[in-house]
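The sequence and structure are shown here for reference.

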Amino acid sequence: MELSKKFLVTVSEDYSKLYGVKFLASFLTNLKNIFIDLIYIAPNPKKNHPQNGSEALITHNLKESYQKKGQEALNTALDYLVNHNFKKEHIKTIFKYQSYSTAEDLIYEAHKGLYDALVLGNRGLSFLEEKIFGSVTKNILKAKIDFPVWVCREPQIKNRDVVICVDGSRESYCVADHVGFVLNDQPEHKIYLLHILDKDSKDPYQLFKKAEEEITGNGFPRTHIESKILQGKDVCSLILNFAKEKKAGVVALGKSDSEEKIFSLFFKSNSVSSEIFKRFEHMALWMCK
């Protein structure tokens, strides 16, 4: 029995940068059981405006402006998906004003909706907006979440393979399970298990075996899985160059809260995953905690 997959996808008003939407459209091929909720979170004009006299009118006008922009963005994203063969009846749009912060609101919606992943599109607008978006992503990944997060940046059409970074941590097996679940009915994909050898490495073949079990336990074929061991000091470059060589659409890794793990403290300065986040392009990062 094929299980449905449900994704919460963020949308911004910059129609040319709908990277989360474009990633889904380019990456997934079997759309029969795919359900998508598109969400636009607008600034809340009531936060800093007293509700009296002319200020109330300003708030009212801002609300109308934000709602118009948001609905236009949501409709554009919906049309894009429908034009790429997604079922319109499987897509819902959500417009809401910010209640707390963008990160907190997205976490709330993701928890409430029991989504299989929260899909964030890196908008790539101004330097300031990049910093703001990075802060949203950082705050989401720092929070106590029990759903995978996808960060999408300028996806390449038809790059559908996945590189899973396997380090023996619980989180890396969690992301392997997630990849197997998402791709169990996607016949055009291949999975590469990648381990970077270091002095603390366990038997990589045992790590690969455990990761394979997580993936195939979801029904993904073992014949579409390959394993690769690499060694070198620049771990980030090894991972990204391997993904580029294989024309992968996704690098998947676990985010650990322990400093001992290779992918710990996602945004800690000089960490492997921080460097991957800063340098990856034309693909998506899938992360599980």
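The sections below describe a predicted model.

In soluble globular proteins, nonpolar side chains tend to be buried together. In this model the largest nonpolar core has 52 residues, and those touching the most other members are Phe7, Leu38, Ile164 and Trp286. Helix H5 (residues 170-183) supplies the largest share of this core, with 7 residues. A second, separate core comprises 40 residues, including Ile140, Leu141, Tyr192 and Leu240.

Beyond its neighbours within four places in sequence, the contacts of Leu38 include Val9, Val11, Val21, Leu74, Ala77, Leu78 and Leu81. Also in contact with Leu38 are Ile91, Lys92, Thr93 and Ile94.

## Aromatic pairs

A pair of aromatic rings is described by the distance of the centres and the angle of the planes. The model contains 10 aromatic pairs. Phe95 and Tyr97 are edge-to-face, because their ring planes lie at 85 degrees, with the centres 5.0 Å apart. Tyr97 counts as buried, at 18% relative accessibility.

The rings of Trp150 and Trp286 are stacked, because their planes are at 5 degrees, with centres 4.0 Å apart. This pair links distant parts of the chain: Trp150 belongs to strand S5 (residues 149-153) and Trp286 to strand S10 (residues 283-288), 136 residues apart. Both Trp150 and Trp286 are buried. Together with Phe7, Phe23 and Phe27, Trp150 and Trp286 form one aromatic cluster.

## Charges over rings

Two lysines are placed over tyrosine rings. The charged end of Lys6 lies over the ring of Tyr115, 4.8 Å from its centre. For Lys210, the charged end is over the ring of Tyr173, 5.8 Å from its centre.

Notes
Residues numbered from 1 in each chain as written. Predicted model: local features only at pLDDT ≥ 70, side-chain atom pairs only at ≥ 80, totals over all residues. Heavy atoms only, no water. Core = buried A, V, L, I, M, F, W, Y, C linked by side-chain atoms within 4.5 Å. Buried < 20%, exposed > 50% of the residue type's maximum accessible area, 1.4 Å probe, protein only. Helix = DSSP H or I, 4+ residues; strand = E, 2+ residues; numbered from the N terminus. Contact = heavy atoms within 4.5 Å. Phe/Tyr/Trp six-rings, centres within 6.5 Å; stacked < 30°, edge-to-face > 60°. Lys NZ or Arg CZ within 6 Å of the ring centre and 35° of its normal.
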